[in-house]
Amino acid sequence: MNPVLLVTGGSRGIGAATARLAAARGWDVAVNYARDEAAAQAVAAEVRALGRRAWALQADVADDAQVRALFATLDREAGALDGLVNSAGVVDAAARVDEMSAARVARMFAINVLGTFACAREALRRMSRRHGGRGGAIVNVSSVAATLGSPAQYVDYAASKGAVDTFTVGLAREVATEGVRVNAVRPGIIDTEIHASGGEPDRARRLAASVPMQRAGQADEVAAAIVWLLSAEAAYATGALLDVSGGR
Ligand code: NAP
């Protein structure tokens, strides 16, 4: 049997690129999505075309009951879990902190932080040797925004990714003897649809000049780092925060 990977937010962008590359490297892949079933099914079909098993599984990672149901479905369908990539994440429209509603900030943290936390918890209950599992790897998709703070853009988003970084380091150390490695990638400006969802479809192109490499990154370039962190080649890497940002 191939190892089994769950990618949250696997229907688009960095998550979809990760699902495709992981399949090419021998993983069976569960593609989680929130709303866009057609996109998730298309990614699952690409995974199957590579000869792997694939499942498109709907769940809002911000809803703990839905996360538990997602993992229960995966238990039934795949019968194992060896890797988790927490790529589900959102931004919001550019705003100052003194303009942000409580509801906006709560949604940001519910998806980006609590969703990551809940999925990692469920994965650990299956992969950790402490729970009778056979080990595994978790990769959280953070952002260089965690180090930059994103002033006058979305400080709430940057702070949520700061929480993901701290969670990654703490959890990595907590489970280091249990066969589970926990790492994060911190992408810079990557050319995906996330910028349109924040009301600025042209953001990646507009900000390219602020990147030392003078260009936005591609989802495939982030996926390569994620799939490496999942692999046995990264056997001694845990608690790492790997910037994939063109130097930003
Ligand atoms: P994207 O193209 O907008 O894709 C987002 C994905 O997350 C979609 O598959 C979406 O599913 C899913 N999703 C959103 N809310 C969800 C929820 N509540 N539950 C489950 N799935 C949910 O975004 P991306 O650019 O690939 O970003 C992926 C990750 O990289 C995010 O964590 C983001 O913060 C991080 N990142 C991105 C950049 C960048 O410049 N693109 C830079 C740094 C970090 P549906 O389409 O079905 O709703």
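1. Contact here means heavy atoms within 4.5 Å. Leaving aside neighbours within four places in sequence, Val169 is in contact with Gly239 and Leu241. Val169 lies in helix H6, where helices (H or I, at least four residues) and strands (E, at least two) are DSSP runs numbered from the N terminus. The residue is partly exposed, with a relative accessible area of 22%; buried means under 20%, exposed over 50%, and partly exposed in between (1.4 Å probe, protein chains only). Val169 and Asp191 are 22 residues apart along the chain, and their C-alpha atoms are separated by 27 Å.

2. On the basis of the values: this is a predicted model, in which local features need pLDDT of at least 70 and side-chain atom pairs count only at pLDDT 80 or more, while totals for chains, interfaces and linings use all residues. Residues are numbered from 1 along each chain as its sequence is written, and side-chain values use heavy atoms, with hydrogens and water left out.

3. The protein has nine helices and seven strands. Its radius of gyration is 17 Å, close to the 18 Å that the globule rule gives for 248 residues, so the protein is as compact as a globular protein of that length. The radius is taken over C-alpha atoms, and the rule is 2.2 Å times the number of residues to the power 0.38. The C-alpha trace spans about 50 × 35 × 35 Å along its principal axes. Of the 248 residues, 52% are buried. Among contacts between residues at least 6 apart in sequence, 73% join residues at least 24 apart.

4. Seven strands make an open sheet with parallel pairing, in the order E3-E2-E1-E4-E5-E6-E7. Strands E3 (54-58) and E7 (241-244) are at the edges with a single partner strand each, so one side of each is left without a neighbour in the sheet. Neighbouring strands are turned by 20° against each other on average, direction ignored. Two strands pair if DSSP finds at least two bridges between them; E2 (residues 28-33) and E3 pair in the parallel sense over five bridges. Asn32 has Leu57 in E3 as its bridge partner.

5. Two helices on the sheet deserve a check. H6 (residues 155-174) lies across E5 (136-141), E6 (180-187) and E7, running at about 155° to E6. H9 (residues 219-230) packs on the sheet and touches E1 (4-8), E4 (83-86), E5, E6 and E7, its direction making about 165° with that of E6. Axes are lines fitted to C-alpha atoms, for helices over the stretch in contact, and angles run from 0 to 180 degrees between N-to-C directions.

6. A nonpolar core is a set of buried Ala, Val, Leu, Ile, Met, Phe, Trp, Tyr and Cys residues joined through side-chain atoms within 4.5 Å. The largest has 37 residues, of which Leu6, Phe71, Leu74, Leu81, Ile138 and Leu171 touch the most other members. E1, E3, H3 (64-78), H4 (102-127), H6 and E6 each supply at least two residues, and H4 gives the most, with eight. Not counting residues up to four places away in sequence, Phe71 touches Leu6, Leu81, Leu84, Cys119, Glu122, Ala123 and Arg126. Another core, of 35 residues, lies apart from the largest one and includes Ala23, Val43, Val139 and Val141.

7. A search of the whole structure finds two aromatic pairs. Rings of Phe, Tyr and Trp (its six-membered ring) pair if their centres lie within 6.5 Å; planes under 30 degrees apart count as stacked, over 60 as edge-to-face and the rest as tilted. Tyr154 and Tyr157 form an edge-to-face pair, 5.1 Å centre to centre with 65° between the planes. Both Tyr154 and Tyr157 are buried.
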